[in-house]
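Please open the structure in a viewer and keep the selection tool at hand.

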Amino acid sequence: MRTSECDLVIVGVGGQGVILISDVIGRAAVMAGKPVCGAETHGMAQRGGSVINHTRIGCRFSPMVASGGADVLVALEPAEALRFAHFLSPTGVALVNTRPVLPSTVTCGRAEYPLLQEILAPLKARCGKLIAMDATALAEKAGIAVAMNVVMLGALAGHIPLSEELILQALSLVVPPKFLEANKKAFALGKAEVE
Amino acid sequence: MREYLLGNAAIARGLLEAGVGVVAGYPGTPSSEIIETMVDLKSERPLHVEWSVNEKVALEVAAGASWTGRRAAATMKHVGLNVAADPFMTLAYLGVGAGLLLICADDPYCHSSQNEQDSRRYAQFAGIPCLDPKNPGEAKEMAVFAFELSEKFNIPVMLRPTTRVSHARADVEIGQAAAPPRPGRFIKNPARRVALPSHARLLHSELLAKQAAMEEALESAPWNNLALHGDVGIIASGIAGLYAKEAIFELDEDLSFLCIGAYPLPKKLISRMLEHVSRVMIIEELEPVVEEQVQILARIVNPNAEILGKEGFIPREGELDYLLVRNAIARMLGKAERVAAESAAVSILPPRPPSLCAGCSHRATYYAMRKVFGKNAIYPSDIGCYTMAVGMGTVDTCLCMGASITLASGIRFGGEKEGICCSLGDSTFLHGGMTGLLNAAYNKARITVTILDNSTTAMTGHQPHPGTGMTATGEATTQVSIEALARALGAGLVETVDPYHLDETLESFQRAKDYPGLSVIIARQPCVIKARRSNARPKSFLVGEECIGCKICLDFGCPAIEFEKDKARINALCTGCGVCAAICSASAIREVAR
């Protein structure tokens, strides 16, 4: 028996804007009158470490998605997608930004960053659908490189039980007004990429 | 109206709606956002909100306000209550004026802490009520209820969210801020405000006598819920109640269920559960607080009841999660457990540990410290961002706030002959390091104390402190001089350096090492995260053709330095501190005009 309408796990690296995606979805769900809950990482994990956020739409239970239970895994960084792939349900969708952020263990030569294909192949094998895109390039195209997370939000919009109108309305509440148009453009580019 | 709120923001809303007059706290994950939200909410209702110097101070400030007739709250993380334990234990005797709430955020699994102590034990120890929320909405309602409870029983009340409540988000109902209160007045009452032995003896009896009445009142608290169904039962507390509820729903079983959110424990509800069932599982994070009580009651009510819990089903360490709870219940029922999905090919993934930022001045200070004191020296350290530098060989201990200086003293008095250079941050020094420095001076400890002064409380999110000249609400205030403090506390040699200037830092450390007494080095450079936010244009550096690939800069460990085709390269993370240029053996790193 399902205990939520839609379970999301959003992952990335500290500073990439994982929490903004969850905040927009949470606000949009509240506008839609749906119960919503989530859990996020603060503190130690923010110093360049891995960041994971759980968001459950239409849920009145615990704020964390169970292992193997995520309907969508949104990864702002490819290695992080694989690191948290165990959250994906076998029928789930993996939505991955393909632009790597090299951890300090790689830049200082203590570890190697795998090839993109080595990341995507095992990911594809364990989910229903894999969507990979260079969201960072799309954000640059929108003229606002830091809005890579909003590109991913646009790509995610069609996979969650919330209307695009509400998501955009929630987005306008969390981004500064002078960057709203650029963010909407980033959203549209992400959405177009999965259509 | 409903809003999507962080648990800590929901708690702050609750304080506002309950008409709190004074809120004081010391930053600590996962509790910090309560005060930060309170600062944002201050415009809705006049109140005093402060970052206190430490948790003991915060609780005492809150107690003073409560005795002056204003509802007051103190916020801290679980280990902060150890610091505040002295006023905490005796406040339970003395009682309150207006309601007094202690918000103590626990951190099962040590997401951001040095231990995972269970504060419900503390509440039990002091003999005060404890409210244990399972989600942000409940935490907010409890914050309001706690003041009424505190006033009704003349006792401080603890609200104990865990990381998964403080840092959860949920849709929460928002109400109105309470009307502004009249100014408070302190009413003199030595029998209840002066803990003389003759008073304390009477107050202790009074405290013990309150327990039964508090328990009776909390039996019907909205967070203690009993639903009797089948003859197998679940008793769960706090967030474990949410996992259990979800599991019972998913497994579609007709189980009896007692969800507990308020302590002292509801003995009548537990007894009714025990009378009804033949088998019961107790599910709670960390300590078996509920389970022990159930064991005691079962001897009287139903000695044949099978009681399951910490023994073999529910771990006593770490945090619980849905699957763990679901599987424990399934195992009790003889149903199939759901195997957790295996991690994917993570062996090919590079680790991504949190680390000091590119350009962090702590790295430069530690580099110079290690170069002067050498590998045989002892380096007691402390609690802050700099603990992440454990790989640099300059973090030999981390115990609790301020313990670097006192451990260093003890190591010296224990007979250690090597150099001893300890380190702690500015906020940590002001929180718990000053008494240790005074003690080191008084008792003639020959050590070097390094204050890593980045002019903020960085690890917990850049809160101000007395050395910053700014209060929690952003008002200008007295800026305390750490140099003057160190001298006043008795340090013989006190020098301030800019760690970005490697030569002067090395020279200072050398003088400190040679000094025949207590020396203090203040390594001052603002936190790079704050500097970046202030939009100061950084200098630019590049690695020239002269690079010989010696990797000295790479070993320095700055994330802005990469290695490519046998040569170092500076990437976009560079903040322009220039320390790598100073350590380069081939003088290949140089500043470029921009």
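**A pairing across two chains**

Begin by selecting strand E2 (residues 36-39) of chain A together with strand E8 (168-173) of chain B: the two pair in the antiparallel sense over three bridges. Within this pairing, select Cys37(A), which stands opposite Ala170(B) in E8(B). Strands of a sheet pair through backbone hydrogen bonds, either parallel or antiparallel.

Before going further, please note that this is a predicted model. The model scores ipTM 0.95 and pTM 0.96. For chain B the mean pLDDT is 96, and 99% of its residues reach 70 or more.

**The domains of chain B**

Now colour chain B by its domain assignment, which gives domain 1 (2-219), domain 2 (225-333), domain 3 (361-533) and domain 4 (540-592). Taken over C-alpha atoms, the centres of domain 2 and domain 3 of chain B are separated by 48 Å.

**An open sheet of five strands**

Turn to the strands E9, E11, E10, E13 and E14 of chain B, which form an open sheet in that order with mixed pairing. Select strand E9 (225-227) and strand E14 (306-308) of chain B: these are the edge strands, and each pairs on one side only. On average, neighbouring strands of this sheet are turned by 15° against each other, direction ignored.

Inside the sheet, select strand E10 (residues 232-237) and strand E11 (residues 256-260) of chain B, which run parallel and are joined by five bridges. Here Ala236(B) is found opposite Cys259(B) in E11(B).

**Helices on the sheet**

Which strands does H11(B) lie across? Show H11(B) with E10, E11 and strand E13 (279-283) of chain B: the helix lies across these strands and runs at about 145° to E10(B). Finally, select helix H12 (residues 267-276) of chain B, which packs on the sheet and touches E9, E10, E11 and E13 of chain B. The direction of H12(B) makes about 160° with that of E11(B).

Key: Residues numbered from 1 in each chain as written. Chains lettered and ligands numbered in written order. Predicted model: local features only at pLDDT ≥ 70, side-chain atom pairs only at ≥ 80, totals over all residues. Pairing = 2+ DSSP bridges. Helix = DSSP H or I, 4+ residues; strand = E, 2+ residues; numbered from the N terminus. Domains from an automatic or database assignment. pLDDT = per-residue confidence, 0-100. Axes fitted to C-alpha atoms, helices over the stretch in contact; angles between N-to-C directions. Contact = placed C-beta atoms within 7 Å.
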